[in-house]
Amino acid sequence: VITASNGDEGFRCFQEHHPDIVMTDIYMPMMDGIEMAKKIKKCDSSVPIIVTSAYSQPDEFLRSIEIGIDGYVVKPFTKDRLFGALDRILEMLMVSRKVKMYNRLVENIISHVADGIVVTDTFTEIVMVNPAFCEMIGYEAEELIGQKPSFYKSHTYDSSFYASMWNQIMTEGEWKGEVVNRRKDGSLVIIFLTIMALKEGGETIRYIGTCRDITREKSFMDEASYKAIHDSLTGVYNRQYLESLALDGDVHPYALMVIDLDGFKAVNDTYGHATGDKVLLEVAKGLEECVR
């Protein structure tokens, strides 16, 4: 317990020791309790303050309410009444600390999770992003807070795409899919995005988006798909592509030509396979120029 004999001294004690609870009388020399409480609340609005005053001071009671006093004990008071007020404040403090610890834990988890997280309000203005999302999109958190997700859209899709997305969120509470966004440096990033409507009492209070950068994955998949149906040397379609056409139930009739290169073995034997590859490349280029 730290005591002070006037408001000035009390405020200095608060600045030096940062107590959990402040209890003050109203009438004190140099600075009254209300003014001291106002200065303390300005420094830290979360610190609970209990004011003691007599029945004959209703105006001071109203002043206390205006600045957000947390407890009011009328003099003369009993020990039970005083400790009853303290118990209520302590209970409030413990709940507040648990909430703060929980919030810090959630923030710590969100800041270390590998997936990007973006949270918007019901007007779709961004209220929170985690470091993974900032790295993914290339913006700092301060640049994104208060913006709408359209801030970094790539203009790859028309309005019907977003209309369908939000219709599903409104009706089903969730949407999943691939989205192409534009990073701060202008490059495109492909993300797999999940948007969920966070509800409380049946009403949507937030929208939460979790996303994963799949740009490289898509690039590898596109490259693998290309290689699967193209010849590795010439780049023309290969036998697997031809067979895939035959398996297609809606395939159009097509012609097949088997072409021999006269004297090609002699090219390989005389000039080597590297030169033979160059010949194949030129032949493929010539064929591509004269067919569809």
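Visitor: Where is Met 30 found?
Guide: Happy to start there! This is a predicted model, in which local features need pLDDT of at least 70, side-chain atom pairs count only at pLDDT 80 or more, and totals for chains, interfaces and linings use all residues. Residues are numbered from 1 along each chain as its sequence is written, and side-chain values use heavy atoms, leaving out hydrogens and water. With helices (H or I, at least four residues) and strands (E, at least two) taken as DSSP runs numbered from the N terminus, Met 30 sits in the loop between β1 (22–25) and α2 (33–43).

Visitor: Does Met 30 count as buried or exposed?
Guide: Buried means under 20% relative accessible area, exposed over 50%, and partly exposed in between (1.4 Å probe, protein chains only). Met 30 has 67% relative accessibility, so it counts as exposed.

Visitor: What is phi of Met 30?
Guide: Most residues other than glycine have a negative phi. Met 30 is not glycine, yet its phi is positive, near 70 degrees.

Visitor: Which residue does a cis peptide bond join to Lys 75?
Guide: Most peptide bonds are trans. Here omega is about -10 degrees, and the cis bond links Lys 75 to its partner, Pro 76.

Visitor: At what angle do α10 and α11 pack?
Guide: Axes are lines fitted to C-alpha atoms, for helices over the stretch in contact, and angles run from 0 to 180 degrees between N-to-C directions. The axes of α10 (residues 264–271) and α11 (residues 273–290) are 7 Å apart, and the packing angle is about 140 degrees.
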